Amino acid sequence: MEVLLCIAAGMLFTVGTYLILAKSLLRIALGTSLISHGVHLLLLTMAGVKRGAPPLLGEEAQAYTDPLPQALILTSIVISFGVTSFFFVLAYRAYKELGTDDMEQLRGQGDE
Amino acid sequence: MMLLHAAVLLPLLFTIFVPLLYKAFPKLHTGWAVLAVPVVLFVFFVMQIPGQMNGGSAQSAAIPWIPALDISFALVLDGLSLLFALLITGIGALVVLYSISYLSRDKEAIHRFYVYLLLFMGAMLGVVLSDNLIVLYGFWELTSLSSFLLIAFWYKRDRSRYGALKSMLITVAGGFAMLGGFVLLYVMGGTFSIRELVAGLDGFSGDALFVPAMLLVLLGAFTKSAQFPFHIWLPDAMEAPTPVSAYLHSATMVKAGLYLVARMSPVFAGEAVWFWLVSGVGLATLLWGSYCAVRQTDLKAVLAYSTISQLGLIMSLLGIGSAAAHQGMAEDAVAAYAGAIAAALFHLFNHATFKGTLFMVVGIVDHETGTRDLRRLGGLMALMPVTFALALVASFSMAGIPPFNGFLSKEMFFTGALKAAELSLFGVPGWSALFPIIAWAASVFTFIYCMIVVFKTFAGRFKAEALDHKPHEAPLLMLVPPAVLASLVIVVGLFPGLVAGSLIEPALAAVLPAQADAYHVKITMWHGWTTELFMTIGVVAVGIALFLTLRYWQGIYALLPGRLTFNRVYDGLLRVLDRGSLFLTGRYMTGSLRHYLIYIFAFMIGLLGWMMLRLDVLGGGSPVYAELSFYEVVLVAVIVLAALAVPLAASRLTAILLTGAVGYIVSLLFVVLRAPDLALTQLIVETVSVTLFLLCFYHLPKLRKEMAPLPFKLGNALISVGVGLVVTTIALVVSGARKFDSISDFFIAQSYELAGGRNMVNVILVDFRGFDTLLEIMVLGIASLGIYALIKLRLADGEGGERLENK
C-alpha cells in the first residue's frame, strides 16, 4: 500500500513540476495545487497507513491510526488553501492590469 | 603611562571641536586653533628623546579593549616610534601652518579639511605607537580612509575622485592582505603583541605559515608605501591640496609601509625571502620611479615619482640591512649591514625634510603663477628669490650633493649597496652585483629630475605670456614652514651628529634589537677617498651631461614604457571586473521565472540524487507494508491518470476539472486511510477551490495550447521526471525504515484523560498543539485581507487612486 502511495505522490510531483515550468500562469496555479496534494499524501504515508481504527476514541479499538500527521495535514490543507486562493486573485489582478498570463511576457525589464 | 594614549587620542578628539570653532569664530582661520595640537604633541615627543637615548628602555602602556580576543589598546614608545612620531607631529605642525595661508577660509571648506587632517594625524600616531597588531591594523585603515577623504577634498573634480578611489582600492586591498598576515602570525605565535611575537620567535619561525604571513604583511607594506608595481596610486593622489601631498604623500603616510617593514624586521629579517623581496622590490621601485620622474611635465607628478623612487631607496636599504640579522656572520659584516638600516632611517628622516620643502615650494609656485606645468614655467629666479633658494637647497639635497643631508644618506646608501654586492650567504651570489649598478643608475636619474625641478622652474626664459598674472614672492607666512625644513636640511647636513645619536641610534636599536650593541651610528661629512665618493662624483658628472642633452634622448620615453604602463593594467582590470560581473550576472539572472525554477529543481535533483547515490540508500531492510486492496488500486490509478491528463487538456475547463478530480479522489483516499476529518476538510476545500478557479478563470484568457518548441517541453519533462523520481525514492526509503516509535501513543492514551475529547485529531489541533491552529487562522485572515486589498485598492488607475487619497 505504501509503495503505491509513494509512487502516486511521485507522479503528482512530476506533473506538478511540469506544470510549474510552463509559461501560462493558469498552468502554474494548477501545478502548485497538484504538488500540495502530493505533499499531503506523502505526509500521511510516512506515518504508516491502515494500522488501526480511525483516531476516534469511541471506536473502542485495539489500535488507532496515528493522529499526529492527520493534524499536520489538516493545518497544511488550510494554509495551502489560503495561499492558493491568494495566488488566484493575484493572477487575476495581474491579468487585468497587464493583459497577459504568459510568464515570458511578465519578465522584468533588462535594466532591473 | 597614559600620556601616550592621550597623545594618540588628542588629534582624534580635537576633530569634534574643529567645526564648532569654525562656526563660532567666523573671523579666525581655523588652522590657528588646530596648530596647537601638533605643536603640543611635538613638544611632548621631543621631551621623550633623552629617555630613549643611550639604550633607554621602551615605554609602554596598555588599556584593555577586547580582552577575550587578546586585543588591547597597547602603545609602545621606542626609538623607531619616536622617530616617526616626531616626523608626524613636527611636519604636521608645519603643514598646518602652511595650509593657513594656502587655503582661503572664504573659498574652501576648511573645517572639513582640518577634521580630515587631524583624523589622519591621530591615525598615523596610532600606527607608529601601537604594539597590538589588530589596533595597528585599525589605525592603518583609518589612515587609508582619511587619505581617501583628503585626496577627494575638491570632490567636484573628476580627477580628484578618480585618484581617491584608486588609492583607496589599492591601499585597502593591501590592508586586507596585511590583516591576513597578522592573523596568521597570531595563529602561529598565539599573541597579537609585536614584542611578545619577537620574544617567542624561536617557537614558530620554522612554521609552514611563516612565509605566507610574511608575504601578506609585505603586500600591505608595499601597497601603502607605493612600491613597484603598486606605485600607481601615488601620482594620481596628487590631485589633493598641496599641504596634503606634502604631509601624507611624501612625509608620513607613504612611510607607514616602511615603518611596518622596519617594525616587523625583528620577526622576519632572518629569512632569505624577506631579504630578496624587500631589497629587490625596493630597488625596482627606486629605478622605475626615478626613470619615470624625468618624463613628467607636471611639477607635482615629478615629485610624486621622486617620492616613489626615494621610498624604494629606503625600502631596499631596509632589505639589505636585514642581512645583519642572519645568523653566523662575522661581526664586522653584521656592523656593515646594520649600517644599511641606519642609512635607511637617516634617509627616511632626510627625505621627510627635503620632500616636505619641495612640495611646499611647488605649492607656492602653483599659488603665485596659477600653474604647475613645467612647459609654462621658467625664469622665476629673480621674481621669487626666497622660494628659489629653498627649492635649490631641497633639490640638491635630494640629488645627493654636499653639504646637504641628502649627500650623507646617499653615501651611506652606496655603502650598503656595495656591501650587498659582496653578499653570497643567501645563495645566487651573481645577482647581488646588480645592487650597486642599479643604485648608481637610479641616482643618475634622481640627479636629472632634481635639476629639472629647480632649473626648468626657476632658470631660463620667463614666459609671461603663458601665465595668467604676474607672479611675485609669496607672503612671509607661507615661506616659514619650508624655510624651517630647509634649514633642517642644511643643519643636519653639516652636523649629522645631532640626529645620529639622539634619533637614529635608538631607532636602529628597535629595528635590530639583537645587533644593537655591535654598531654605533657615526655619520660624518668627510670620510676619505672612498669608492662611494667616486660613485657620487660619477653621478654628478654623468647627471650634468645627461641633463644638458635631455632633449636629444628624451625620445626613449615614447618607446619605453610606451603603452605598457601599469595604469592601463589597473584601468583594464577595473573594466574587466565591471563588465565581467555584469556579463556573468546578465547570463544567469534572466528575469524568467522558468529559469530560476530550473536552477532550484536542478540543484535539488543534483544534491539529493548525488547524496542518495553516495549513501546507497536503497539497499537493506525488509519493511512491512500494509496490505493492498483492489479498491485502493483503482483510486490511485484514477489520481495518476487524472493528474497526467492535466498537461494534455485542451481547454481550461477540462484542466480545472481534472485538478478538481484529483482533489476529490484524494479525499476519498483519506476515507480509505481512516482520516475522516481530513476527508471532510479536503472535500470542502476542493469544492471552494474549484469554484474559485472557475470564478477567476472566467476572467482569464482561453488556455492556449503550449506552442513551445520540443526541446523546451523535453527539458521540462526531464526535470519534472527527475523531481518525481527523487521524491519517490526518498519516500520509499523513509516509509520502509522506521527508526523509533511515534509519540502518538501519548496522544491516543491521554486524549480523553487530559483534554476530555474523543476525536484525537481535533484534540491535537485545539488542545495539544493549539498554537499551530492559532497561526493557521492568522494565515487565513491575512490571505483574505490580502485578497480584499488586491481587489479593492487601485493606485494606478485614476478613480481608485483618488478615492484612496480622499479618504
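Predicted model: local features only at pLDDT ≥ 70, side-chain atom pairs only at ≥ 80, totals over all residues.
**View 1. Residues 66-114 of chain B carry a domain annotation from UniProt.** The unreviewed UniProt entry gives this stretch the feature "domain: NADH-Ubiquinone oxidoreductase (complex I) chain 5 N-terminal". B:Asp70 is in the loop between strand E1 (59-66) and strand E2 (71-77) of chain B. Its phi is near 60 degrees, a positive value in a residue other than glycine. Most residues other than glycine have a negative phi. B:Asp70 counts as partly exposed because its relative accessibility is 31%, and the limits of that class are 20% and 50%.

**View 2. Residues 71-95 of chain A are annotated as a transmembrane region.** The annotation comes from an unreviewed UniProt entry. In the model this stretch is 100% helix and 0% strand. Its end C-alpha atoms lie 36 Å apart.

View 3. On the side of chain A that touches chain B, the elements giving two or more residues are helix H1 (2-20), helix H2 (25-46) and helix H3 (67-98) of chain A. H3(A) gives the most, with 24 residues. The residues on this side of chain A divide into 49 nonpolar, 15 polar and 13 charged. In total, 77 residues of chain A are in contact with 95 residues of chain B. Between the two chains there are 7 residue pairs in polar contact, counting pairs with both residues at pLDDT 80 or more.

**View 4. The loop between helix H11 (210-224) and helix H12 (233-236) of chain B contains B:Pro229.** The peptide bond from B:Phe228 to B:Pro229 is cis, with omega near -5 degrees. Most peptide bonds are trans. B:Ala226 is also placed in the loop between H11 and H12 of chain B. The phi of B:Ala226 is near 55 degrees, again a positive value in a residue other than glycine. B:Ala226 counts as buried because its relative accessible area is 0%, and the class takes values under 20%.

**View 5. B:Thr371 sits in the loop between helix H17 (331-369) and H18 of chain B.** A polar atom of its side chain lies 3.0 Å from the backbone nitrogen of B:Asp373. Leaving out residues up to four places away in sequence, B:Thr371 touches B:Val365, B:Asp366, B:Arg376, B:Leu377 and B:Leu467. Is B:Thr371 buried or exposed? With a relative accessible area of 5%, B:Thr371 is buried.

**View 6. B:Ser397 lies in helix H18 (residues 385-399) of chain B.** Which residues is B:Ser397 in contact with, leaving aside its neighbours within four places in sequence? They are B:Phe354, B:Phe404, B:Asn405, B:Gly406, B:Phe407 and B:Val489. B:Ser397 counts as buried because its relative accessibility is 1%.

Conventions: Residues numbered from 1 in each chain as written. Chains lettered and ligands numbered in written order. Heavy atoms only, no water. Helix = DSSP H or I, 4+ residues; strand = E, 2+ residues; numbered from the N terminus. Buried < 20%, exposed > 50% of the residue type's maximum accessible area, 1.4 Å probe, protein only. Contact = heavy atoms within 4.5 Å. Polar contact = N/O pair within 3.5 Å; in protein donor to acceptor, adjacent residues only side chain to side chain. Nonpolar A, V, L, I, M, F, W, Y, C, P; charged D, E, K, R; others polar. UniProt positions renumbered as here; feature names shortened; annotations may be inferred.
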